[in-house]
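Here's a quick tour of the model below. Have it open in your viewer while you read.

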Amino acid sequence: SNRLLWCDPIGRISLSVTTLFWGVGAVIQFAVLAWAQQIMQLPLEKGAFLQAIVAVGVIAGAGWAGSKIRLDAAPQVLPLGILLGLLLPAIAFTHSLYWAIPLMILVGVVGGILMVPMNAMLQHRGFELLTAGRSIAVQGFNENASVLLLLGVYSAMLALSIPLVWVMTLFGVSMALGMAALSWSAHKAGHNRLKH
């Protein structure tokens, strides 16, 4: 089932996006708490408040995407992944809470807008190729494997004493480059329209 979904052009694009998003997202949750303490000099509970702000943005973005973006237009949101990746270095080098809060909200909104169509596309294609249960199992396996791998990379970078702002920057730029490659691949393959 895993191989079948990865070999399908539409399945591969949507699965790649969700897998990358959740892996980087897990790292950023930890990184934001450390960043809030190290850079912003905030106690842990206020760092957690910044995470909550991102969640509010995700809810708003997901709500908007769910009502405005049709399934056949889902690939058109792929460039937002590039923006999402580039927002992470912007946050990393921010030293003012007045800039950090709107940037965090924007990260959440962009993430919500990106993930709803990608999840819908993945579930739609997964149901066509497999069954709903197998599709969800494949998605869960890949997303959790990505979380495990990228948290390992994050831990290794911290163990090497790489400054946190550069860790966040490297993850953000990597995400932006990965999303740019996926956007180009989707455009080249001509999958900008999906059949219902």
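Which residues does Ser16 touch, not counting residues up to four places away in sequence?

## Ser16 and its contacts

Ser16 touches Trp6 and Leu182, where a contact means heavy atoms within 4.5 Å. Ser16 sits in helix H2, residues 9-38; helices here are DSSP runs of H or I with at least four residues, strands are runs of E with at least two, and both are numbered from the N terminus. With a relative accessible area of 16%, Ser16 is buried (buried is under 20% relative accessible area, exposed over 50%, partly exposed in between, using a 1.4 Å probe and protein chains only).

## Ground rules

This is a predicted model, so local features need pLDDT of at least 70 and side-chain atom pairs count only at pLDDT 80 or more, while totals for chains, interfaces and linings use all residues. Residues are numbered from 1 along each chain as its sequence is written, and side-chain values use heavy atoms, with hydrogens and water left out.

## The largest pocket

The largest pocket holds about 500 Å³ of space. Among its 26 lining residues, Phe21, Gly25, Gln29, Val54 and Val58 are the closest to its centre. Two or more lining residues come from each of H2, H3 (44-68), H4 (79-92), H5 (97-129) and H7 (164-189). By class, the lining has 19 nonpolar, 7 polar and no charged residues (Ala, Val, Leu, Ile, Met, Phe, Trp, Tyr, Cys and Pro are nonpolar, Asp, Glu, Lys and Arg charged, and the others, Gly among them, polar).

For the record, a pocket is an open set of points on a 1 Å grid over the protein atoms alone, where a 1.4 Å probe fits, with protein on both sides within 12 Å along at least five of seven lines; lining residues have an atom within 4 Å of a point. Points are joined across faces, edges and corners, and the volume is the space filled by probe spheres set on them.

## Helix H6

H6 covers residues 132-159, and its 28 residues should span 40 Å at 1.5 Å a residue, which agrees with end C-alpha atoms 40 Å apart. The expected span is 1.5 Å times one less than the number of residues. Buried residues in H6 include Ser135, Asn142, Glu143 and Tyr154.

## Two positive phi values

Most residues other than glycine have a negative phi. Gln41, not a glycine, has a positive phi of about 60°. Gln41 lies in the loop between H2 and H3 and is exposed, at 61% relative accessible area.

Ser161 follows H6, in the loop between H6 and H7. Its phi is also positive, near 60°, and Ser161 counts as exposed at 61% relative accessibility.
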